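Work through the exercises below with the structure in view, and try each task before reading its solution.

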Amino acid sequence: MEAPVARYWEPVEDDVVLCTLCPRRCRIQPGKRGTCRLRENVSGKLIAAAYGRTIALSIDPMEKKPLYHFQPGWAILSVGPNGCNLRCGFCQNYNSSQLEAPTSHVSPEELARMADRPGCRGVSFTYTEPMVWFEYVMDAAEACKARGLATVCVSNAYLEPEPFTELLGVIDAFNFDLKSMSDDFYRDLCGGELKPVLAIIERALDSKVHVEITNLVIPGYNDSPTRLRELCSWIAERNPRTPLHLSRYHPSWRFSDPPTPRKTLLRAWNVAKEAGLEYVYLGNVYAEAKYSDTYCPKCGAALVRRSGYRTELAALDGERCAACGADADFVNL
Ligand code: SF4
(Lines give C-alpha, C1' and ligand atoms only; values in the text may rest on other atoms or scores of the structure.)
Protein backbone atom coordinates (compact mmCIF):
# COMPACT_ATOMS: atom_id res chain seq x y z
CA MET A 1 0.00 0.00 0.00
CA GLU A 2 1.22 3.49 -0.86
CA ALA A 3 2.01 5.60 2.21
CA PRO A 4 -0.40 8.56 2.60
CA VAL A 5 0.46 12.24 2.73
CA ALA A 6 1.20 13.21 6.35
CA ARG A 7 -0.70 15.78 8.36
CA TYR A 8 0.84 18.66 10.35
CA TRP A 9 3.48 20.10 8.05
CA GLU A 10 3.96 23.12 5.82
CA PRO A 11 6.04 23.86 2.73
CA VAL A 12 9.03 26.14 3.32
CA GLU A 13 10.92 26.81 0.08
CA ASP A 14 12.61 24.84 -2.72
CA ASP A 15 10.61 21.70 -1.84
CA VAL A 16 11.83 21.79 1.79
CA VAL A 17 9.07 21.10 4.34
CA LEU A 18 8.62 21.92 8.03
CA CYS A 19 7.05 19.14 10.11
CA THR A 20 4.88 20.57 12.89
CA LEU A 21 3.78 17.32 14.54
CA CYS A 22 6.22 17.35 17.43
CA PRO A 23 8.31 20.02 19.18
CA ARG A 24 11.42 19.09 17.18
CA ARG A 25 9.86 20.84 14.15
CA CYS A 26 12.24 19.25 11.64
CA ARG A 27 13.04 21.08 8.41
CA ILE A 28 13.25 18.19 5.98
CA GLN A 29 15.06 18.31 2.64
CA PRO A 30 13.63 16.45 -0.39
CA GLY A 31 14.42 12.74 -0.20
CA LYS A 32 15.15 12.90 3.54
CA ARG A 33 13.30 11.80 6.68
CA GLY A 34 12.77 13.70 9.93
CA THR A 35 14.57 12.80 13.15
CA CYS A 36 11.94 10.18 14.03
CA ARG A 37 12.56 8.41 10.67
CA LEU A 38 8.81 7.99 10.21
CA ARG A 39 8.09 10.99 7.94
CA GLU A 40 9.72 11.60 4.57
CA ASN A 41 9.87 14.53 2.18
CA VAL A 42 8.97 13.16 -1.25
CA SER A 43 9.25 15.90 -3.90
CA GLY A 44 8.14 18.65 -1.51
CA LYS A 45 5.34 16.68 0.18
CA LEU A 46 5.61 15.16 3.64
CA ILE A 47 4.65 11.48 3.52
CA ALA A 48 3.73 9.27 6.49
CA ALA A 49 6.36 6.80 5.27
CA ALA A 50 5.99 4.33 8.16
CA TYR A 51 2.19 4.14 7.90
CA GLY A 52 1.07 0.62 8.89
CA ARG A 53 4.62 -0.70 9.27
CA THR A 54 5.05 -2.30 12.69
CA ILE A 55 8.10 -3.80 14.37
CA ALA A 56 5.93 -6.33 16.27
CA LEU A 57 2.45 -7.75 16.58
CA SER A 58 2.33 -9.27 20.01
CA ILE A 59 -0.35 -10.11 22.54
CA ASP A 60 0.87 -8.75 25.89
CA PRO A 61 -0.63 -8.56 29.37
CA MET A 62 -2.07 -5.07 30.00
CA GLU A 63 0.18 -4.92 33.08
CA LYS A 64 3.27 -5.12 30.84
CA LYS A 65 2.57 -1.70 29.24
CA PRO A 66 2.58 -0.93 32.24
CA LEU A 67 -1.07 -0.11 32.97
CA TYR A 68 -2.20 -1.39 36.37
CA HIS A 69 -5.52 0.46 36.71
CA PHE A 70 -6.92 0.00 33.20
CA GLN A 71 -8.75 -3.23 32.31
CA PRO A 72 -6.71 -5.26 34.83
CA GLY A 73 -6.04 -8.86 33.91
CA TRP A 74 -6.77 -8.41 30.19
CA ALA A 75 -4.40 -8.92 27.26
CA ILE A 76 -3.79 -6.34 24.54
CA LEU A 77 -2.39 -6.53 21.01
CA SER A 78 0.76 -4.39 20.84
CA VAL A 79 2.25 -2.65 17.81
CA GLY A 80 4.85 0.08 17.32
CA PRO A 81 6.80 1.90 14.61
CA ASN A 82 10.53 1.69 13.82
CA GLY A 83 11.57 5.13 15.08
CA CYS A 84 11.38 7.75 17.80
CA ASN A 85 11.55 11.53 18.10
CA LEU A 86 13.82 11.45 21.19
CA ARG A 87 17.39 10.15 21.45
CA CYS A 88 17.60 8.88 25.02
CA GLY A 89 21.08 7.41 25.46
CA PHE A 90 19.72 4.88 27.98
CA CYS A 91 16.79 3.75 25.75
CA GLN A 92 15.69 0.29 26.85
CA ASN A 93 14.26 -0.39 23.34
CA TYR A 94 17.03 1.20 21.27
CA ASN A 95 17.12 -1.70 18.77
CA SER A 96 13.79 -0.60 17.39
CA SER A 97 13.63 3.07 18.43
CA GLN A 98 17.09 4.17 17.20
CA LEU A 99 18.25 1.46 14.78
CA GLU A 100 16.74 0.01 11.62
CA ALA A 101 14.58 -3.01 12.46
CA PRO A 102 12.45 -5.29 10.28
CA THR A 103 8.78 -4.30 9.99
CA SER A 104 5.64 -5.85 8.56
CA HIS A 105 2.56 -4.11 7.21
CA VAL A 106 -0.84 -4.28 8.86
CA SER A 107 -3.75 -2.11 7.78
CA PRO A 108 -5.91 -0.38 10.44
CA GLU A 109 -8.86 -2.70 9.74
CA GLU A 110 -6.66 -5.82 9.78
CA LEU A 111 -5.17 -4.73 13.12
CA ALA A 112 -8.59 -4.17 14.69
CA ARG A 113 -9.78 -7.53 13.37
CA MET A 114 -6.72 -9.28 14.87
CA ALA A 115 -7.35 -7.64 18.25
CA ASP A 116 -11.02 -8.59 18.28
CA ARG A 117 -10.58 -11.98 19.93
CA PRO A 118 -11.49 -13.55 23.28
CA GLY A 119 -9.37 -12.28 26.19
CA CYS A 120 -7.89 -9.39 24.21
CA ARG A 121 -9.26 -5.97 25.10
CA GLY A 122 -7.90 -3.96 22.15
CA VAL A 123 -4.72 -2.43 20.75
CA SER A 124 -1.73 -0.81 22.40
CA PHE A 125 0.49 1.57 20.42
CA THR A 126 3.78 1.12 22.20
CA TYR A 127 7.43 -0.07 22.18
CA THR A 128 9.02 3.02 20.55
CA GLU A 129 7.21 6.37 20.09
CA PRO A 130 3.73 5.83 18.66
CA MET A 131 2.43 9.42 18.82
CA VAL A 132 4.67 10.39 15.86
CA TRP A 133 3.11 7.46 13.96
CA PHE A 134 0.21 9.82 14.08
CA GLU A 135 -1.77 9.13 10.90
CA TYR A 136 -1.71 5.37 11.41
CA VAL A 137 -2.55 5.57 15.13
CA MET A 138 -5.55 7.81 14.36
CA ASP A 139 -6.87 5.46 11.65
CA ALA A 140 -6.17 2.25 13.59
CA ALA A 141 -7.74 3.66 16.77
CA GLU A 142 -10.88 4.62 14.79
CA ALA A 143 -11.03 1.06 13.40
CA CYS A 144 -10.75 -0.29 16.95
CA LYS A 145 -13.50 2.02 18.19
CA ALA A 146 -15.79 0.76 15.40
CA ARG A 147 -15.45 -2.71 16.96
CA GLY A 148 -15.83 -1.56 20.56
CA LEU A 149 -12.17 -2.23 21.35
CA ALA A 150 -9.99 -0.27 23.79
CA THR A 151 -6.99 1.78 22.67
CA VAL A 152 -3.82 2.41 24.65
CA CYS A 153 -0.81 4.59 23.92
CA VAL A 154 2.56 4.30 25.68
CA SER A 155 4.42 7.49 24.96
CA ASN A 156 7.17 9.99 25.73
CA ALA A 157 4.59 12.84 25.65
CA TYR A 158 6.66 14.77 23.08
CA LEU A 159 4.03 16.07 20.70
CA GLU A 160 2.51 19.42 19.75
CA PRO A 161 -0.78 20.24 21.53
CA GLU A 162 -3.07 20.28 18.47
CA PRO A 163 -2.41 16.73 17.22
CA PHE A 164 -2.47 15.57 20.83
CA THR A 165 -6.01 16.90 21.20
CA GLU A 166 -6.96 14.70 18.24
CA LEU A 167 -5.41 11.65 19.90
CA LEU A 168 -7.35 12.36 23.08
CA GLY A 169 -10.50 11.76 21.05
CA VAL A 170 -9.54 8.17 20.11
CA ILE A 171 -7.24 6.86 22.88
CA ASP A 172 -8.67 5.45 26.13
CA ALA A 173 -5.52 5.18 28.23
CA PHE A 174 -2.00 6.58 28.20
CA ASN A 175 1.14 5.60 30.00
CA PHE A 176 3.52 8.55 29.76
CA ASP A 177 7.23 8.51 30.49
CA LEU A 178 8.20 11.37 32.73
CA LYS A 179 11.96 10.95 32.75
CA SER A 180 13.02 13.80 35.02
CA MET A 181 12.02 17.29 36.12
CA SER A 182 15.31 18.63 34.79
CA ASP A 183 15.33 20.36 31.42
CA ASP A 184 19.08 19.66 31.22
CA PHE A 185 18.32 15.93 31.53
CA TYR A 186 15.95 16.10 28.54
CA ARG A 187 18.36 18.25 26.51
CA ASP A 188 21.61 16.44 27.29
CA LEU A 189 20.44 12.81 27.44
CA CYS A 190 17.33 12.76 25.21
CA GLY A 191 17.74 15.57 22.69
CA GLY A 192 14.41 17.09 23.75
CA GLU A 193 12.94 19.58 26.21
CA LEU A 194 11.00 19.17 29.42
CA LYS A 195 8.39 21.91 28.98
CA PRO A 196 6.42 20.37 26.07
CA VAL A 197 6.37 17.01 27.90
CA LEU A 198 4.85 18.56 31.02
CA ALA A 199 2.31 20.43 28.89
CA ILE A 200 1.07 17.22 27.24
CA ILE A 201 0.89 15.24 30.49
CA GLU A 202 -0.91 18.10 32.20
CA ARG A 203 -3.40 18.32 29.33
CA ALA A 204 -4.08 14.57 29.64
CA LEU A 205 -4.48 14.78 33.41
CA ASP A 206 -7.00 17.61 32.92
CA SER A 207 -9.04 15.48 30.52
CA LYS A 208 -11.13 12.35 31.09
CA VAL A 209 -8.56 9.95 29.60
CA HIS A 210 -6.96 7.37 31.91
CA VAL A 211 -3.31 8.28 32.68
CA GLU A 212 -0.49 6.38 34.35
CA ILE A 213 3.09 7.62 34.51
CA THR A 214 6.42 5.79 34.37
CA ASN A 215 9.77 7.05 35.62
CA LEU A 216 12.88 5.04 34.73
CA VAL A 217 15.12 5.47 37.77
CA ILE A 218 18.74 5.84 36.56
CA PRO A 219 21.39 6.00 39.29
CA GLY A 220 23.38 9.22 39.24
CA TYR A 221 21.14 10.90 36.64
CA ASN A 222 17.61 11.28 38.00
CA ASP A 223 17.50 9.40 41.31
CA SER A 224 18.31 12.18 43.78
CA PRO A 225 15.55 12.42 46.41
CA THR A 226 15.19 16.15 45.66
CA ARG A 227 14.57 15.62 41.94
CA LEU A 228 12.28 12.65 42.56
CA ARG A 229 10.31 14.62 45.16
CA GLU A 230 9.87 17.40 42.64
CA LEU A 231 8.57 14.94 40.03
CA CYS A 232 6.20 13.15 42.42
CA SER A 233 4.89 16.40 43.90
CA TRP A 234 4.20 17.73 40.40
CA ILE A 235 2.03 14.68 39.70
CA ALA A 236 0.41 14.69 43.16
CA GLU A 237 -0.55 18.36 42.87
CA ARG A 238 -2.48 17.54 39.69
CA ASN A 239 -3.96 14.20 40.74
CA PRO A 240 -2.56 12.20 43.69
CA ARG A 241 -4.44 9.13 42.42
CA THR A 242 -2.38 8.93 39.23
CA PRO A 243 -0.58 5.55 39.28
CA LEU A 244 3.21 5.96 39.15
CA HIS A 245 5.53 3.16 38.00
CA LEU A 246 9.14 3.45 39.18
CA SER A 247 11.01 1.29 36.75
CA ARG A 248 14.43 -0.27 37.09
CA TYR A 249 17.04 0.81 34.55
CA HIS A 250 19.28 -1.80 32.89
CA PRO A 251 22.41 -0.87 30.88
CA SER A 252 21.42 -0.30 27.27
CA TRP A 253 22.61 1.49 24.11
CA ARG A 254 25.03 4.27 25.19
CA PHE A 255 24.71 3.59 28.92
CA SER A 256 26.86 0.89 30.48
CA ASP A 257 26.41 1.87 34.16
CA PRO A 258 25.10 -1.04 36.30
CA PRO A 259 21.35 -1.55 36.87
CA THR A 260 19.47 0.45 39.49
CA PRO A 261 20.13 -1.02 42.94
CA ARG A 262 17.10 -2.30 44.78
CA LYS A 263 17.67 0.10 47.68
CA THR A 264 17.48 3.05 45.26
CA LEU A 265 14.09 1.87 44.01
CA LEU A 266 12.80 1.39 47.55
CA ARG A 267 14.00 4.89 48.46
CA ALA A 268 12.25 6.29 45.37
CA TRP A 269 9.05 4.45 46.34
CA ASN A 270 9.15 6.07 49.81
CA VAL A 271 9.73 9.52 48.29
CA ALA A 272 6.70 9.04 46.01
CA LYS A 273 4.46 7.94 48.89
CA GLU A 274 5.65 10.84 51.07
CA ALA A 275 4.79 13.20 48.21
CA GLY A 276 1.19 12.01 48.55
CA LEU A 277 0.82 9.61 45.61
CA GLU A 278 -1.72 6.88 46.37
CA TYR A 279 -0.63 4.19 43.90
CA VAL A 280 3.12 3.67 43.48
CA TYR A 281 4.58 0.53 41.92
CA LEU A 282 8.04 -0.83 41.20
CA GLY A 283 8.66 -2.20 37.71
CA ASN A 284 11.27 -4.31 35.84
CA VAL A 285 12.23 -5.94 39.13
CA TYR A 286 10.90 -8.59 41.50
CA ALA A 287 8.79 -6.65 44.00
CA GLU A 288 7.05 -7.77 47.17
CA ALA A 289 3.28 -7.32 47.44
CA LYS A 290 3.62 -3.89 49.05
CA TYR A 291 5.31 -2.57 45.89
CA SER A 292 3.26 -4.37 43.25
CA ASP A 293 -0.28 -4.97 44.55
CA THR A 294 -3.11 -2.43 44.69
CA TYR A 295 -4.72 -1.65 48.03
CA CYS A 296 -8.04 0.10 48.64
CA PRO A 297 -7.32 3.76 49.46
CA LYS A 298 -10.12 3.68 52.06
CA CYS A 299 -10.07 0.33 53.92
CA GLY A 300 -6.67 -1.06 52.83
CA ALA A 301 -8.06 -4.33 51.37
CA ALA A 302 -5.79 -5.95 48.74
CA LEU A 303 -7.75 -5.35 45.54
CA VAL A 304 -5.37 -6.67 42.88
CA ARG A 305 -2.44 -8.99 43.56
CA ARG A 306 0.36 -9.18 41.00
CA SER A 307 3.23 -11.57 40.58
CA GLY A 308 5.31 -10.85 37.49
CA TYR A 309 2.60 -10.31 34.87
CA ARG A 310 0.14 -12.64 36.64
CA THR A 311 -2.80 -10.66 37.96
CA GLU A 312 -5.38 -11.79 40.49
CA LEU A 313 -8.46 -9.62 40.98
CA ALA A 314 -8.66 -10.37 44.70
CA ALA A 315 -11.28 -7.88 45.93
CA LEU A 316 -12.23 -5.71 43.00
CA ASP A 317 -15.86 -5.28 42.05
CA GLY A 318 -15.73 -3.52 38.68
CA GLU A 319 -14.04 -0.25 39.57
CA ARG A 320 -14.74 -0.41 43.31
CA CYS A 321 -13.43 -2.13 46.42
CA ALA A 322 -15.51 -5.26 47.03
CA ALA A 323 -14.96 -4.91 50.80
CA CYS A 324 -16.03 -1.29 51.45
CA GLY A 325 -17.38 -0.05 48.11
CA ALA A 326 -14.85 2.80 47.76
CA ASP A 327 -13.87 4.03 44.31
CA ALA A 328 -10.51 2.38 43.65
CA ASP A 329 -9.56 4.33 40.52
CA PHE A 330 -9.82 1.50 38.01
CA VAL A 331 -11.18 1.76 34.49
CA ASN A 332 -13.20 -1.03 32.93
CA LEU A 333 -14.80 0.11 29.68
S1 SF4 B 1 7.37 14.09 14.12
FE2 SF4 B 1 9.35 13.37 13.33
S3 SF4 B 1 9.70 14.55 11.46
FE4 SF4 B 1 8.09 15.59 12.60
S5 SF4 B 1 9.13 17.16 13.83
FE6 SF4 B 1 8.96 15.33 15.11
S7 SF4 B 1 10.86 14.18 14.80
FE8 SF4 B 1 10.71 15.68 13.12
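**Exercise 1. Find which residues form one aromatic cluster, then examine a ring pair.**

Solution. The cluster is formed by F90, F185, Y186, Y221, Y249 and F255, where rings of Phe, Tyr and Trp (its six-membered ring) pair if their centres lie within 6.5 Å, with planes under 30 degrees apart counting as stacked, over 60 as edge-to-face and the rest as tilted. Before going on, note that this is a predicted model, in which local features need pLDDT of at least 70 and side-chain atom pairs count only at pLDDT 80 or more, while totals for chains, interfaces and linings use all residues. Residues are numbered from 1 along each chain as its sequence is written, and side-chain values use heavy atoms, with hydrogens and water left out.

By the pairing rule, the count comes to 14 aromatic pairs. For F174 and F176, the ring centres are 4.8 Å apart and the planes stand at 10 degrees, so this pair is stacked. F174 is buried at a relative accessible area of 0%, where buried means under 20%, exposed over 50% and partly exposed in between (1.4 Å probe, protein chains only). F176 is likewise buried, with a relative accessible area of 0%.

**Exercise 2. Work out which ring lies under the charged end of R121, and which under R306.**

Solution. A charge sits over a ring if NZ of Lys or CZ of Arg is within 6 Å of the ring centre and within 35 degrees of the ring normal. The charged end of R121 is placed over the ring of W74, 5.8 Å from its centre. R306 lies over the face of Y281, at 5.2 Å from the ring centre.
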